[in-house]
Amino acid sequence: MKLSIKNLKAEVEGKEILKGLDLEVGPGEVHAVMGPNGSGKSTLAHVLAGRAGYTVTAGEVTMDGEDLLGLEPEQRAALGVFLAFQYPVELPGVNNTHFLKEALNAQRRARGERELDSVAFLKLIREKLAMVSMQPELLKRPVNAGFSGGEKKRNEILQMALLEPMLAILDETDSGLDIDALKTVSDGVNALRSPDRSVILVTHYQRLLDYIEPDFVHVLADGRIVRSGDKSLAKELEKKGYGWLTGKDEAA
Amino acid sequence: MNTAEQTGTDLISVLHQGQRLLTPLPAALDWLIPLRERGAQGVAAMRLPGRKDEAWRYTSLAFLEQAEYRPLIEGPFDALQLDDVDEMLLNGHEGDRLVFVNGYLAPALSALGGASGGVVVSALAGGLGEVPASLRARLGEIAEQQHPFSALNTALMSDGALIHVPRGVASEKPIEILHVSVGTEQTGICHPRHLIVLEEDARAEIIERYCSLGDAVYFNNVSIEVSLGAGSELVHSRSQEESQNAQHLSDLQVRLGERSRYRLVLASLGGAWSRSDVRVTFEGEGAEAELDGLMLARDKQLNDVHLDIRHEVPHCSSRETFKGILDGKGRVVFDGRILVAQDAQKTDAQLSNDNLMLSRSAEVDTKPQLEIFADDVKCSHGTTVGELDGDMLFYLRSRGIPQVQATQMLCQGFAQEVLDRLPSEALRARTGKVLAERLNQTAA
């Protein structure tokens with residue numbers, strides 16, 4: 001999978017957040033997008049997933065040559081885009097197993113693949129569950145409803161493991177996680193890595209990158225990528241703070 | 001003279017038509033005559049309610065003017081086979097089942113004889129034998145005399161379920177009352193009348209259902225009386241999934257003795273016009289009532305629930321949780337009145353009504369009313385009207401679930417809290433399926 005973002009400009013409620021962003025993500029690559037609060041990291045993640053409320057005013061985003069911005073969120077998902085939410089939404093009354101099965105089968109239908117029956121699905125989900133060390137009871141509950149912060153994040157990674165996206169975008173999935181959960185999240189991402197799948201890690205901190213080794217690190221500031229490098233850039237950022245690149249003081 | 005009278009349908013004309021055309025009562029039901037007479041007097045003394053009557057302000061009866069409602073008479077559907085209603089039956093239901101077709105018991109479709117311990121599962125007419133004198137005395141005891149349609153029901157009642165659970169007896173398996181309505185050439189009206197009596201410390205589960213064969217057009221005017229003795233417990237599920245052309249009115253009156261428990265789950269999904277009046281009166285201390293309800297109002301559908309919860313005595317609790325789903329030009333009317341009398345100290349009453357609007361053309365008229373005359377009580381009420389949550393919708397869509405399906409899943413989720421209260425797994429599955437089908441039709 002090859003993602004190409006060119007001169008992307010986007011605004012929220014009339015305020016420009018992304019101000020001409022360029023990013024190329026090649027097959028099998030892991031890119032970390034770092035930056036201070038308000039730099040546009042989450043906006044980038046949501047624009048890629050197709051959330052309403054963001055207006056793209058310029059630029060283009062293609063995935064293997066296909067225009068991503070013209071597609072509905074569900075069409076992007078079927079193409080293999082997956083967003084792990086920073087704040088996963090609670091869905092009262094919607095059973096988690098039912099949700100996971102419907103999501104997988106909707107994507108399979110859209111791709112012209114055969115749907116999984118209940119037996120095949122349960123077998124598959126049990127495998128994935130073990131992978132993310134999630135309590136099986138959480139499958140019987142409504143999606144994310146009453147889940148702890150860590151359980152919600154594990155549920156995101158479970159969905160990612162199940163849906164096997166071509167492009168996984170993790171929006172600050174590491175925030176608020178204890179070390180065990182962080183390890184689970186990282187294991188999930190590392191298990192997904194393959195020569196054709198790509199990952200974008202949106203994060204504020206370097207900590208996650210100790211567990212998931214990125215091929216590239218980008219620093220986003222004021223809606224643009226201001227510096228790109230390899231993983232050593234993250235280390236340097238940790239030492240010097242974002243002010244080093246943005247010219248502003250920021251308490252990290 | 002108002003226009004309803006000119007075109008032939010007001011309550012008096014329905015009453016007179018009924019009196020003229022209904023099959024005469026058999027001698028065994030002579031004891032019903034004075035009761036019917038009382039109902040007829042009630043009807044004569046009342047006019048058809050209109051917009052100026054608070055309880056009918058948002059619920060128009062204009063449809064009565066559109067057709068002449070003739071009484072549905074016994075007989076023409078004797079030929080109905082079990083196969084014809086097979087699709088409506090609950091999977092795995094093992095208890096007694098009374099099946100009524102157009103308001104009359106269909107013995108061939110019913111399954112009786114499973115009840116033990118002196119439990120009576122019978123019908124008013126229908127040849128199931130004499131109604132015990134003890135039950136006769138209870139019929140009409142608590143029906144609302146001020147309700148015009150309930151009075152009409154009393155005046156014309158011909159058949160219905162009679163259930164009696166003796167003192168200390170727990171009726172083990174759920175008892176089902178299934179109504180099947182079949183269209184006739186003329187617009188019909190029928191008046192099913194049920195009586196449920198649990199004596200002291202008795203227990204029972206009753207499932208009451210209303211279904212239609214095809215797109216039948218008719219008016220179902222139901223009246224139910226429930227009397228719970230001290231320490232008794234009734235779990236009562238009601239599902240109304242009638243045809244989209246039907247009118248359904250049910251007047252449910254419940255009287256709670258001390259320490260009794262009443263649990264009602266109402267799923268009101270069908271009908272062009274549906275109205276449920278529920279009055280629960282606490283007559284003995286320490287009783288509890290839990291009422292859950294789901295109202296579906298698709299395009300051009302009206303779904304009205306009027307609750308009247310009367311805390312007359314101390315130390316009772318009630319919880320009412322009702323949800324509405326609306327689409328197109330659907331309308332939900334919810335009126336939740338809780339009365340706490342001066343003596344009813346330590347009352348705990350919580351009422352809520354949440355509505356989900358799938359369309360901007362839909363309309364909700366919701367009115368919770370607390371009337372509290374005691375000073376040491378815990379009461380609350382809350383209502384909400386909202387659209388589908390955009391964040392929830394995006395979450396589902398971002399996982400590949402198309403918008404139409406995502407909408408249905410969220411509606412189903414919204415309803416699930418109520419459906420989960422249904423004690424019968426088969427009914428839960430059935431109701432969930434009917435809801436999904438009807439939401440599907442909405443989306444299509």
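**Ground rules.** I worked from a predicted model, where local features need pLDDT of at least 70, side-chain atom pairs count only at pLDDT 80 or more, and totals for chains, interfaces and linings use all residues. Residues are numbered from 1 along each chain as its sequence is written, with chains lettered from A and ligands numbered from 1 in the order in which they are written.

**Entry 1, the open sheet.** I traced four strands of chain A in the order β2-β1-β4-β5, with antiparallel pairing (strands are DSSP E runs of at least two residues, helices H or I runs of at least four, numbered from the N terminus; a pair needs at least two DSSP bridges). β2 (15-25) and β5 (66-67) of chain A each have a single partner strand, so one side of each lacks a neighbour in the sheet. I counted eight bridges between β1 (residues 3-12) and β4 (residues 54-63) of chain A, and found A:K6 opposite A:E60.

I checked residues 198-203 of chain A and found six of six buried (20 or more other C-beta atoms within 10 Å of a residue's own, C-beta atoms being placed from the backbone). A:S198, A:I200 and A:V202 point one way, A:V199, A:L201 and A:T203 the other. β3 (residues 30-34) of chain A pairs parallel with β8(A) over five bridges, A:A32 partnering A:L201. Five bridges also join β7 (residues 167-171) of chain A to β8(A), again parallel.

I found 19 residues from chain B and 21 residues from chain A here (contact means C-beta atoms, placed from the backbone, within 7 Å). On the chain B side, α8(B) gives the largest share, eight residues.

Methods. Contact = placed C-beta atoms within 7 Å. Buried ≥ 20, exposed ≤ 12 C-beta atoms within 10 Å, placed from the backbone.
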